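Visitor: I would like to learn how to read a protein model, one feature at a time. Where do we start?

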Amino acid sequence: MFVQVQRIKAKNKRNTGRYHSKEFYLLTGKLVCDVCGKRMIGNLRFSGRSKTRLATYRCNTHRAMCNNKELNKDYLDAYIAVLIGERLKPKNLRKAVSKVNQQVQKFNSSYDKYHTDVLQQYNEVQDSLANITKAIEKGIFTDDLLQRAERLENEKTKLE
């Protein structure tokens with residue numbers, strides 16, 4: 001579990017703004033500045049007398065080292081959506097959807113198998129603990145029995 005969390009944290013390290021932004025930036029982390037090579041980030045500001053909303057993508061080193069101009073988010077996102085729509089014709093879209101569905105079914109079946117295995121192990125640990133409790137109630141109490149109960153409790157918490 002710890003290793004999985006560390007992988008997720010490393011993956012999200014460069015895209016932290018995505019989770020705190022008030023605006024959804026489709027291309028955050030995907031655009032690269034052609035002047036300095038750094039990633040472009042989303043920027044929201046209100047400009048002019050009427051304080052109109054202006055959402056743009058700009059270089060992460062804006063005005064510090066790079067003189068690249070900002071790109072209008074709305075126009076760029078619409079352009080990318082058109083390009084994706086052209087690439088995913090109905091024939092290609094059906095193939096893509098079927099591949100995604102196959103992956104989902106594969107994941108669900110492996111998850112179901114894993115879940116049933118863990119549930120079976122959990123039930124076995126519960127039964128063993130119940131048997132140990134019955135033995136203690138009958139007056140059978142040894143150090144081995146106590147150590148076994150502790151191991152089973154640890155295994156139970158891990159399985160939970």
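Guide: Bear in mind that this is a predicted model.

Visitor: Is Asn43 buried or exposed?

Guide: Buried means a relative accessible area under 20%. Asn43 has a relative accessible area of 12%, so Asn43 is buried.

Visitor: How many residues separate Thr56 and Leu76 along the chain, and what is the distance between their C-alpha atoms?

Guide: Thr56 and Leu76 are 20 residues apart along the chain, and their C-alpha atoms are separated by 9.0 Å.

Visitor: Next, the cores. Which residues make up the largest nonpolar core?

Guide: The general idea is that in soluble globular proteins, nonpolar side chains tend to be buried together. Here the largest nonpolar core has ten residues: Tyr25, Leu27, Leu31, Cys33, Met40, Ala55, Tyr57, Cys59, Cys66 and Leu76. Strand E2, residues 52-59, gives the most to this core, with three residues. Another core lies apart from it and has nine residues, among them Val118, Ala135, Ala149 and Leu152.

Visitor: What does Met40 touch, not counting residues up to four places away in sequence?

Guide: With those left out, the contacts of Met40 are Gly29, Leu31, Val32, Cys33, Tyr57, Arg58, Cys59, Asn68 and Leu71.

Visitor: Asp77 is found in helix H2, residues 73-87. Is Asp77 buried or exposed?

Guide: Asp77 has a relative accessible area of 10%, so Asp77 is buried. Leaving aside neighbours within four places in sequence, Asp77 is in contact with Leu26, Leu27 and Tyr57.

Visitor: How do I describe a pair of helices?

Guide: Two packed helices are described by the angle between their axes and the distance between the axes. Take helix H3, residues 90-137, and helix H4, residues 143-159: their axes come within 10 Å and cross at roughly 150°. Angles over 145 degrees count as roughly antiparallel. H3 and H4 are therefore roughly antiparallel to each other. Their crossing is left-handed.

Visitor: Which residues make the contact between H3 and H4?

Guide: On the H3 side they include Val118, Tyr122, Val125, Leu129 and Ile132. On the H4 side they include Leu145, Ala149, Leu152 and Glu153. By class, the contact of H3 with H4 has eleven nonpolar, three polar and four charged residues.

Visitor: Now a backbone angle. What is the phi of Lys51?

Guide: Most residues other than glycine have a negative phi, and most peptide bonds are trans. Lys51 has a positive phi of about 55° although it is not a glycine. Lys51 is found in the loop between E1 and E2. Exposed means over 50%. The relative accessible area of Lys51 is 54%, so Lys51 is exposed.

Visitor: What of the loop between E2 and strand E3?

Guide: Arg63 has its place in that loop, and E3 covers 71-72. Arg63 is exposed, with a relative accessible area of 71%. Arg63 and Glu86 are 23 residues apart in sequence and 36 Å apart in space, C-alpha to C-alpha. Ala64 is found in the loop between E2 and E3 as well, and Ala64 counts as exposed at 64% relative accessibility. The C-alpha atoms of Ala64 and Glu153, 89 residues apart along the chain, are separated by 58 Å.

Conventions: Residues numbered from 1 in each chain as written. Predicted model: local features only at pLDDT ≥ 70, side-chain atom pairs only at ≥ 80, totals over all residues. Heavy atoms only, no water. Buried < 20%, exposed > 50% of the residue type's maximum accessible area, 1.4 Å probe, protein only. Core = buried A, V, L, I, M, F, W, Y, C linked by side-chain atoms within 4.5 Å. Helix = DSSP H or I, 4+ residues; strand = E, 2+ residues; numbered from the N terminus. Contact = heavy atoms within 4.5 Å. Axes fitted to C-alpha atoms, helices over the stretch in contact; angles between N-to-C directions. Parallel < 35°, antiparallel > 145°, perpendicular 65-115°, else oblique. Left-handed = near helix turned anticlockwise from the far one by under 90°. Nonpolar A, V, L, I, M, F, W, Y, C, P; charged D, E, K, R; others polar.
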